[in-house]
Amino acid sequence: MTRKEFIKRLMYLSVAGAFPALYSWQVEPFWVEFVQKKLPVKNLPEELEGKKVMQISDLHVGNRFDWNFLIDSFQEAKKFKPEFVVYTGDFVNKGTAQELIDLKQVMEACVLGSYATFDILGNHDYGKNWNDHKCSDTVRQTLEDCGITVLRNEQKESRGLNFIGFEDLWSCNFHPSEVMADYDASKANIVLCHNPDACDLNIWNGYQGWILSGHTHGGQCRIPGVFTPVLPVKNKKYISGEIDLEDGRMLYINRAIGHSFQIRFMVRPEITVFTLTKT
């Protein structure tokens with residue numbers, strides 16, 4: 001091999017090696033996938049058959065990526081015209097004063113359900129060390145000002161569909177037993193729970209149905225069938241997507257629309273559009 005051929009091949013290899021890095025930094029983090037799935041719910045009223053529940057999770061408004069793409073994604077999401085919208089936590093990244101200001105701008109463009117919109121808080125909504133109550137209260141107020149009902153260990157029914165919302169597992173306000181003590185199996189129920197690790201706790205009081213979670217971001221970088229290097233849960237089975245908990249509960253983990261850091265590889269940001277069906 002001549003020196004010229006060697007340099008030429010080295011340049012080709014450099015370009016080939018740079019492409020995955022550029023893609024995972026500048027392309028995939030902003031390439032939102034609208035995942036469409038059926039959501040069979042026990043005791044679902046007939047009039048809700050075929051209606052849509054949209055799940056948006058983990059906005060992480062902060063300075064680690066250009067959050068204006070969240071607003072653009074909301075505009076696309078509105079085209080689905082969902083009857084219900086649920087946000088499953090982590091609206092801000094660190095809970096700084098600037099993030100809270102930016103969150104107001106983002107949520108002015110938020111997606112609202114034509115029937116109802118609910119949310120729960122995530123660990124990041126509690127600021128530093130997950131114990132900043134002033135931060136969580138400000139996030140809550142911002143959301144309520146936008147017409148969103150915040151569920152903090154509470155349940156709320158709309159059009160015959162009952163949403164049960166947990167506070168975050170890592171927060172000091174995680175008291176799910178307060179709401180699960182009043183769990184009514186005869187209703188059409190959906191649980192909103194930011195951290196899927198809560199599924200492994202003895203708090204469910206015989207609950208049968210769907211749990212919608214976020215928190216993991218799907219790992220953000222993943223080699224399917226090989227490994228997911230960063231996963232902030234104890235139960236490493238809780239990566240993303242639909243998981244049968246084999247006790248009458250079904251878990252769905254949203255891959256998040258925002259990011260803790262601006263890198264994604266084979267884990268596109270996600271907004272989920274569920275179509276309600278009767279079991």
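1. Over 3 bridges, strand β8 (residues 188-192) and β9 pair in the parallel sense. Strands here are DSSP runs of E of at least two residues, numbered from the N terminus, and two strands pair if DSSP finds at least two bridges between them. The bridge partner of Leu192 in β9 is Leu212.

2. This is a predicted model: local features need pLDDT of at least 70, side-chain atom pairs count only at pLDDT 80 or more, and totals for chains, interfaces and linings use all residues. Residues are numbered from 1 along each chain as its sequence is written, and side-chain values use heavy atoms, with hydrogens and water left out.

3. β9 also pairs with strand β11 (residues 249-253), in the parallel sense and over 5 bridges. There, Leu212 stands opposite Tyr252. Strand β9 (residues 209-213) is largely enclosed by the rest of the structure, because 5 of its 5 residues are buried (under 20% relative accessible area, with a 1.4 Å probe and protein chains only).

4. An open sheet is formed by 6 strands in the order β1-β12-β2-β3-β4-β5, with mixed pairing. Its edge strands, β1 (33-41) and β5 (149-150), each pair on one side only. Within this order, β3 (residues 84-88) and β4 (residues 116-120) pair in the parallel sense over 5 bridges, and Val85 stands opposite Thr117 in β4.

5. The count of disulfides (cysteine sulfur pairs within 2.5 Å) is 0. Cys135 is in no disulfide, and the nearest cysteine sulfur, that of Cys172, is 12 Å away. Cys135 is buried at 2% relative accessible area. Cys221 has 21% relative accessibility and counts as partly exposed, the class between buried and exposed (over 50%).

Key
Helix = DSSP H or I, 4+ residues; strand = E, 2+ residues; numbered from the N terminus.
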